[in-house]
Amino acid sequence: MRLVRTVVAEGSINAIDLLSLRVPELSKGRLKDAMSKGAVLLSGKPQKRLRRAQTALQTGQQLQLHYDDELLQRSCEPAQLISDQQQYSVWFKPAGMLSQGNEWGDHLSLLRAVEQHFAAKRQVFLLHRLDREASGLVIVAHSKNAAAAFSKLIAGHKISKQYVIRVKGRLPDSLLQQGEISLPLDDKACLTRFQLLQFDTTAQQSWLEVDLISGRKHQIRRHFAAVGHPVMGDPQYGQGNKDNTGLALQAVELSFSCPLRHKSQSFTVPPELRLHSSSKQ
């Protein structure tokens with residue numbers, strides 16, 4: 001079942017009672033589950049997720065329910081804390097997890113996982129994103145100052161991001177020697193640099209290490225699909241690259257000069273979580 005409903009309190013009433021009254025298609029149990037998973041928004045400035053079923057509402061207050069039972073029943077591997085630097089932390093986001101929630105909920109989002117890990121004792125600011133299908137490292141700030149400092153680094157392309165991907169086919173020698181793709185995307189210049197790690201002769205697939213120089217939407221996926229070697233398991237770009245194991249794209253390393261401590265920092269995905277050993281063959 002999938003439905004969207006806006007309800008308005010006509011007097012003092014608890015949130016769950018209002019929803020139960022106006023959305024009779026759903027049991028109180030399902031409504032409470034949707035609330036706990038972030039699928040109910042309380043209108044206001046700013047709009048916020050309402051999770052407490054017994055929250056008292058006043059006349060005129062408005063709730064928005066975005067209910068999708070298929071989405072609410074989904075699950076994925078948990079996020080893992082790679083490093084806690086107090087003012088920011090570095091996390092491993094598994095494939096299947098959103099970077100942040102949307103109106104349909106946030107129970108499968110990294111941002112919510114971080115909030116729950118720190119038991120709401122720290123602010124959380126998402127600084128950059130990974131596609132839901134991708135896995136890898138993400139930085140989360142825990143203060144406005146840290147968020148502003150890292151945002152400047154990101155805007156200035158001063159955070160080095162390294163990825164490992166598995167693509168369809170054997171790349172021609174000319175492309176491997178060139179080692180980069182500079183096709184414009186969305187009428188904007190962008191650059192993806194790469195090198196071959198391994199060619200799997202059995203699967204006829206190439207493992208590549210990628211340095212993302214610019215950061216257009218789906219840049220790596222679109223660039224390699226454009227040159228005829230789409231990322232394996234990509235549900236959106238390329239042909240003949242279906243893979244039941246999922247999208248073969250992982251952000252494996254982040255390096256930068258910390259704007260808070262003024263020292264070089266580098267974080268990598270632990271070997272047990274990597275898509276590939278990254279050893280050249």
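The legends below describe close-up views of a predicted model.

**View 1. Confidence along the protein chain.** The mean pLDDT is 95, and 98% of the residues reach 70 or more. Residues 277-281 stay under 50, and the model has 8 contacts for them beyond four places in sequence. Where pLDDT is low, the predicted coordinates should not be read in detail.

**View 2. Helix α7 and its surroundings.** The buried residues are Gln-219, Ile-220, Arg-221, Arg-222, His-223 and Phe-224. They pack against strands β11 (160-168), β12 (180-181), β13 (192-200), β14 (205-212) and β15 (249-257). Just after α7, Gly-228 has a positive phi of about 85 degrees.

**View 3. The largest nonpolar core.** This core has 31 residues, and Ile-165 and Phe-224 have the most contacts inside it. At least two residues each come from α4 (110-117), β10 (135-141), β11, β14, α7 and β15. Among the residues that Phe-224 touches are Ile-165, Val-167, Leu-171, Phe-194 and Leu-208.

**View 4. An open sheet of 4 strands.** The strands lie in the order β1-β6-β3-β4, with antiparallel pairing. At the edges are β1 (2-8) and β4 (48-49), each of which pairs on one side only. Strands β3 (residues 40-42) and β6 (residues 62-68) are joined by 3 bridges, and Leu-42 stands opposite Leu-63 in β6. Helix α1 (residues 15-22) packs on the sheet and touches β1, β3 and β6; its direction makes about 120 degrees with that of β1. Helix α2 (residues 28-36) also packs on the sheet, touching β3 and β6, and its direction makes about 100 degrees with that of β6.

Key: Residues numbered from 1 in each chain as written. Predicted model: local features only at pLDDT ≥ 70, side-chain atom pairs only at ≥ 80, totals over all residues. Heavy atoms only, no water. pLDDT = per-residue confidence, 0-100. Contact = heavy atoms within 4.5 Å. Buried < 20%, exposed > 50% of the residue type's maximum accessible area, 1.4 Å probe, protein only. Core = buried A, V, L, I, M, F, W, Y, C linked by side-chain atoms within 4.5 Å. Pairing = 2+ DSSP bridges. Axes fitted to C-alpha atoms, helices over the stretch in contact; angles between N-to-C directions.
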